[in-house]
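Please open the model in a viewer and keep the selection panel at hand. The stops below are given in the order in which they may be selected.

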Amino acid sequence: MWAAAARGLARAALRATVRPKNEVEQKQLCAFGEYVAEILPKYIQQVQVTCFNELELMIHPDGIIPVLTFLRDHTNAQFKSLADLTAVDVPSRQYRFEIVYNLLSLRFNSRIRVKTYTDELTPIDSAVPVHKAANWYEREVWDMYGVFFANHPDLRRILTDYGFEGHPFRKDFPLSGYVEVRYDDEVKRVVAEPVELAQEFRKFDLNSPWETFPAYRPAPEPLKIEAGAKKEDAK
Amino acid sequence: MQTTGLVGLAVAENPHERLRILYTKILGVLENIPKDAAYRKYTEQIVNERFDLVKKESDVQKLQDKLNSGQIEEVIVQAENELSLARKMIQWKPWEPLVEEPPSNQWRWPI
């Protein structure tokens, strides 16, 4: 009985429960990525295919409308559906916001991701002329991050309260915000006051002491030879 | 009664004629793009392939099967989209070299 269990365990160890790699789809996406990069070299800065078979196109912000129109109208692309429009805040970069468009092609059953960048003050062209679905998504990005979209038909707040100040999804906006609202019986309306927390904010450092991805270490910087100090004449 | 089965897409009478006109227009617009642009090369390839199939096959059902791109009305819509795209490409000129390089840490992940 123990021998049978041991044999089962040995067999299970040989077949690890990892998602099998789909080489065919990987090759197809790589080929399509190269195809698009060849047609639009003016705007595409980088193309990558993730290990989960997701194609990503990195674009210069001037090229949003040309690239999205190409992906929508070209016969070999036909990405008619805008599935998602979001932003990512990475404050350490010069252009801190990364705008991400997820497109779906119904004809070819395939997805693609288009990424651009901007900072707090530079406006980005609105995708509404290309995909009507971008309307409320761009309103959300404006409300949550503060990215302005030029030529948007109706850019106003969509999720925050009417007089709300600040852009909540930015990394420098605190978790509990700056104001809290309560009903005040004296003035008979809702008032906004600075937030008072019963317990001070605790930040837990969840980093493990062990290195998480040893296979993805950054390449060590090559040792540079610097000019040594001049030798003074010894007397 | 004939129907495409798709909402808002009416059955096209004389699709071969319509496709012939559209493909000739696309090829005419592509003439204004420099010959070495990848967009011109690939689009001409697609359009010529489809145009040859349209010229040879006169039965609509068999043409749909050969093109393998949905109903013939959908193929007409694809050709109209390609035509409008080709006209816009002439303004945008995407075959030129890269507009601006990103900052070196822009696309690095993990940061």
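Begin by selecting helix α2 of chain B, residues 38-56; helices (H or I, at least four residues) and strands (E, at least two) are DSSP runs numbered from the N terminus. Its 19 residues should span 27 Å at 1.5 Å a residue, and its end C-alpha atoms, 27 Å apart, agree with that; the expected span is 1.5 Å times one less than the number of residues. Buried residues of α2(B) include B:Tyr39, B:Tyr42, B:Ile46 and B:Phe51, where buried means under 20% relative accessible area, exposed over 50%, and partly exposed in between (1.4 Å probe, protein chains only). The cover over these buried residues includes α2 (23-39) and α3 (64-73) of chain A, along with α1 (15-30), α3 (60-67) and α4 (72-92) of chain B.

This is a predicted model, in which local features need pLDDT of at least 70 and side-chain atom pairs count only at pLDDT 80 or more, while totals for chains, interfaces and linings use all residues. Residues are numbered from 1 along each chain as its sequence is written, chains are lettered from A and ligands numbered from 1 in the order in which they are written, and side-chain values use heavy atoms, with hydrogens and water left out.

Next, select strand β5 of chain A, residues 110-118, where 8 of the 9 residues are buried. Then show β2(A), residues 55-59, which pairs with β5(A) in the parallel sense over 3 bridges; here A:Leu57 is partnered with A:Val114.

Now display the charged side chains. A:Arg93 and A:Glu98 form one, with the closest N and O atoms 2.6 Å apart, and both residues are buried. Another joins A:Arg96 to A:Glu120 (2.6 Å, N to O). This pair links distant parts of the chain, 24 residues apart: A:Arg96 lies in the loop between β3 (81-89) and β4, and A:Glu120 in the loop between β5 and β6 (124-125). A:Arg96 is buried at 7% relative accessibility, whereas A:Glu120 is partly exposed at 35%.

Technical notes. Pairing = 2+ DSSP bridges. Contact = heavy atoms within 4.5 Å. Salt bridge = Lys/Arg side-chain N within 4 Å of Asp/Glu carboxyl O.
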